[in-house]
Amino acid sequence: MKKLLTTIIILSLQVVCAANAKVISNEKIISAKVENASKIIKELQNDMQSYTKKGSGPFVAAIYDSEGNLVVKVANSVVNEHCSNNHAEMNAIKAAEQKLGTYDLAPYNLRLYVTAEPCIMCVGGIMWSGIKEVYYGVPSKKVEKITGFDEGFKPHWFREFKKRGIVVYGNIEPELGEQELHKYVNDGKKVYKPSR
């Protein structure tokens, strides 16, 4: 039974090798989407240092419309704004909702790009926001290993998003993102971690 369940889970995710990394998705992988996401995520990862110099980071997110126009771009601001909810994805969703004057982003057919895999809170926020597609860089296991941040419990979130009509592509340009996370940590910048 365990072997059958593992096979089903593996078959439900599409995998493609690109730039020495395995891009994963909950739909049949479309190379044009991967190429576009790669370009945007590289830009976000390259922008990270400018945000961290201002006390933000180490994660950056952007929301684009279906025509490829930037709607918003923001960083994680948990530490500098003293609010544990201020992850990059949550900040981006909030900024887009304020800009568009709505709590329901679904009619706008928006795409979220982020430098790392969304944590448990951000997965919930994305699901309830109406975002249609999500593209991320560094997977949670690497984020946890580099920063020590607890990404939370996200059972089968790719499959759950697919059931709700949300496309996910992950592991896009993770090496550059990992370098930026290492730099952030090695520079002694604060990583949000609640006391246990």
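A search of the whole structure, a predicted model, finds 1 cavity of 30 Å³ or more; a cavity is a set of points, on a 1 Å grid over the protein atoms alone, where a 1.4 Å probe fits but cannot get out. Grid points are joined across faces, edges and corners, and a volume is the space filled by probe spheres set on the points. The largest cavity holds about 170 Å³ of space. It is lined by 18 residues, with Phe59, Asn76, His87, Phe149 and Glu151 closest to its centre; lining residues have an atom within 4 Å of a point. At least two residues of this lining come from each of helix 3 (78-81) and helix 4. The lining of the largest cavity comprises 12 nonpolar, 3 polar and 3 charged residues, where Ala, Val, Leu, Ile, Met, Phe, Trp, Tyr, Cys and Pro count as nonpolar, Asp, Glu, Lys and Arg as charged, and the others, Gly among them, as polar.

The second largest pocket (a pocket being an open set of points with protein on both sides within 12 Å along at least five of seven lines) contains about 210 Å³ of space. Of its 15 lining residues, Phe149, Asp150, Tyr192, Pro194 and Arg196 lie nearest the centre. This lining divides into 6 nonpolar, 5 polar and 4 charged residues.

Residues are numbered from 1 along each chain as its sequence is written, and side-chain values use heavy atoms, with hydrogens and water left out. Local features need pLDDT of at least 70 and side-chain atom pairs count only at pLDDT 80 or more, whereas totals for chains, interfaces and linings use all residues.

The largest nonpolar core has 28 residues, and Ile63, Leu112, Ile131, Val134 and Phe161 have the most contacts inside it. Such a core is a set of buried Ala, Val, Leu, Ile, Met, Phe, Trp, Tyr and Cys residues joined through side-chain atoms within 4.5 Å; buried means under 20% relative accessible area, exposed over 50%, partly exposed in between (1.4 Å probe, protein chains only). Among the elements that give two or more residues to this core are strand 3 (60-64), strand 4 (70-75) and helix 6 (140-147). Helix 4 gives the most, with 4 residues. A second, separate core of 18 residues includes Ile40, Tyr51, Tyr135 and Val167.

In helix 5 (residues 120-129), Cys122, Val123, Gly124, Gly125, Ile126 and Ser129 are buried. Helices (H or I, at least four residues) and strands (E, at least two) are DSSP runs, numbered from the N terminus. The buried residues of helix 5 pack against helix 4 (88-100), strand 5 (111-116), strand 6 (133-138) and helix 7 (157-163).

The structure holds 8 aromatic pairs, defined by rings of Phe, Tyr and Trp (its six-membered ring) with centres within 6.5 Å; planes under 30 degrees apart count as stacked, over 60 as edge-to-face and the rest as tilted. The pair of Tyr136 and Trp157 is tilted because the ring centres are 6.0 Å apart and the planes are at 35 degrees. This pair links distant parts of the chain, with Tyr136 in strand 6 and Trp157 in helix 7, 21 residues apart. Tyr136 is buried at 2% relative accessibility, and Trp157 is buried at 7%. Trp157 also forms an edge-to-face pair with Phe161, at 5.2 Å centre to centre and 90 degrees between the planes. Both residues of the Trp157 and Phe161 pair lie in helix 7, 4 residues apart, about one turn of the helix. A cluster of Tyr64, Tyr113, Tyr135 and Tyr169 is linked by ring pairs.

Methods: Contact = heavy atoms within 4.5 Å.
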